[in-house]
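Let's take a walk through a protein model, starting with the overall picture and ending with a few single residues. Have the sequence and the structure open as you read.

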Amino acid sequence: MAVMKFGGTSVGNARAMQQAIDLVVREQRNGTPLVVLSACSGITNKLVRLADAAGRSDIDEALMLAGEVRAHHLSLIEELITDQAAKPELAAKVDGYVSKLEMLARGVDIVGELTERSKDMFCSFGELLSTTVFSAAMIEQGYQAEWVDVRRVMITDDNFGAARPITPVCESNTASIIRPLLEAGTIVVTQGYIGATEAGRTTTLGRGGSDLTAALLGAWLGDNAIQIWTDVDGVMTCDPRIVPEARSIRVMTFSEAAELAYLGAKVLHPDTIAPAVEKNIPVWVLNTWHPDAKGTLITDDPERLAGMSYGGLVKSIAVKKGQCIINIRSNRMLGRYGFMTELFGAFSRHGVSIEMISSSEVSVSVTVDDKSFGDELLQELKALGQVDIEHAVATVSVVGDNLRMSKGVAGRIFSSLRNVNLRMISQGSSEINVGFVVQEQDVNEAVNTLHHEFFSGEETAGIFEKPAGIP
């Protein structure tokens, strides 16, 4: 059995939903799949805007957005469902969800406060609606399918906005609710991203949490594969918007994929990898529109990695824009202990995550999200030493297996960048990542130069491939 997770673009309209249904039916030949869906593309963003509008008592905008959510899903029904007698019942289900959404908006408007708990409830409607339409379309087309509310299975803590599952309870629920249906040959259609507390309060796992849902359910079921269906041919050597010649990566390790996710790659949610690693379940990243393309296999299986991954092989280049460098210079660092504890404590107290770090005997440079800090943090840092800030920079990370210990790789990286002004270099404990910082205006030149250096030769043919649809 496999878990098939479809992202928002893969269920964004009627044509995409039908394509996803066809893929599910094709997979059924190999065993009954569990289907995990995201909200239709753009709907979660719309729900967040709706929640914010209700929170500031702009009820007219909130209700307008709710109307747009209703119209989108009713249009899906109109295109996907051919049985005229079945349409009113399904439309009534959609209308029921949107009516609850409107009621929630009015309640928040009356109270005048939008809590994280309320926001989770707003955001949950996207997945509930997409799966309702998808499962109904499958059933109408004659397939044995059943809609399951994942909130009966995914029991979480009450950390609204970033909830985490209570594993023993979830495993038991998966075994008692989902497994019997799959074993009976029924395709289960359920929601990613959402869960519920033991008291029944709706929670979300955080943005991108649908990938995590799929990985967790796959681990709890002991499935033989987790399939992440997107609109690209797997994990790419680079963002094709920056490098049009970007290639798809055939095979990569769990560590490489996790590092890429942390460093800014958009394909995978960072937490997705952990459950798969624990159970050694292969993860496939596949293209909904080119299902016969090879995509990317993420695995630690030595046999599958043989000849496709080796020490010193650069796999991908990740970019994270919207960063800034904070330089802290202090003579208190020289030969003394405790300074770093004070420094990182300041970032921790203000909830600011550090991306890269580079230090000398009397200075420390870190990169953080440019919008993540304010004057309070700066004042605290200035109490430790001289502080300088450089805005509008980007981190660029070269990722591959055992790069740090492979001779010549760093030389190739930095010699190819001789015409680019590097603002900071960071090569830390990770053996699979060499990172540096450039001004945002230099990103395209830096990344294209690196991509040509490492991916233009014939020696890696078969490891990296042209994406499907590119001549």
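This is a predicted model: local features need pLDDT of at least 70, side-chain atom pairs count only at pLDDT 80 or more; totals for chains, interfaces and linings use all residues.

Residues are numbered from 1 along each chain as its sequence is written, and side-chain values use heavy atoms, with hydrogens and water left out.

**The whole protein**

The protein has 14 helices and 19 strands. Both are DSSP runs numbered from the N terminus: helices are H or I with at least four residues, strands are E with at least two. Its radius of gyration is 24 Å, close to the 23 Å that the globule rule gives for 471 residues, so the protein is as compact as a globular protein of that length. (That radius is taken over C-alpha atoms, and the rule is 2.2 Å times the number of residues to the power 0.38.) Along the principal axes, the C-alpha atoms fill a box of roughly 75 × 55 × 40 Å.

How much of the protein is buried? Buried residues make up 52% of the 471. Here, buried means under 20% relative accessible area, exposed means over 50%, and partly exposed is in between, using a 1.4 Å probe and protein chains only. The protein exposes about 20,200 Å², and carbon and sulfur atoms supply 48% of that; the areas come from the Shrake-Rupley method with a 1.4 Å probe, and for residues only the protein chains shown count as cover.

Now look at contacts, meaning heavy atoms within 4.5 Å. Of those with a separation of 6 or more, 76% link residues 24 or more positions apart.

| Residue | Where | Relative accessible area |
|---|---|---|
| Pro-33 | loop between α1 (14-27) and β2 (34-37) | 0% |
| Ser-57 | loop between α2 (43-55) and α3 (59-80) | 40% |
| Thr-174 | helix α6 (residues 167-183) | 1% |
| Ala-392 | strand β16 (residues 386-400) | 40% |

Pro-33 counts as buried. Beyond residues up to four places away in sequence, Pro-33 touches several others, including Met-4, Val-24 and Leu-182. The C-alpha atoms of Pro-33 and Met-4 are 6.7 Å apart, although 29 residues separate them along the chain.

Thr-174 is buried too. Leaving aside neighbours within four places in sequence, its contacts include Val-153, Leu-217 and Trp-220.

Ser-57 isn't a glycine, yet it has a positive phi of about 65°. Ala-392 isn't a glycine either, and its phi is positive at about 60°. Ser-57 is partly exposed, and Ala-392 is partly exposed.

**A mostly covered helix**

In helix α8 (residues 254-263), seven of the 10 residues are buried. Among them are Phe-254, Leu-260 and Leu-263, along with Glu-256 and Glu-259.

**Cysteines without a bond**

How many disulfides are there? The count is zero, where a disulfide is a pair of cysteine sulfur atoms within 2.5 Å. Take Cys-170: the closest cysteine sulfur, in Cys-123, is 20 Å from its own, and that is too far for a bond. Cys-170 is buried at 0% relative accessible area, and Cys-324 is buried at 0% as well.
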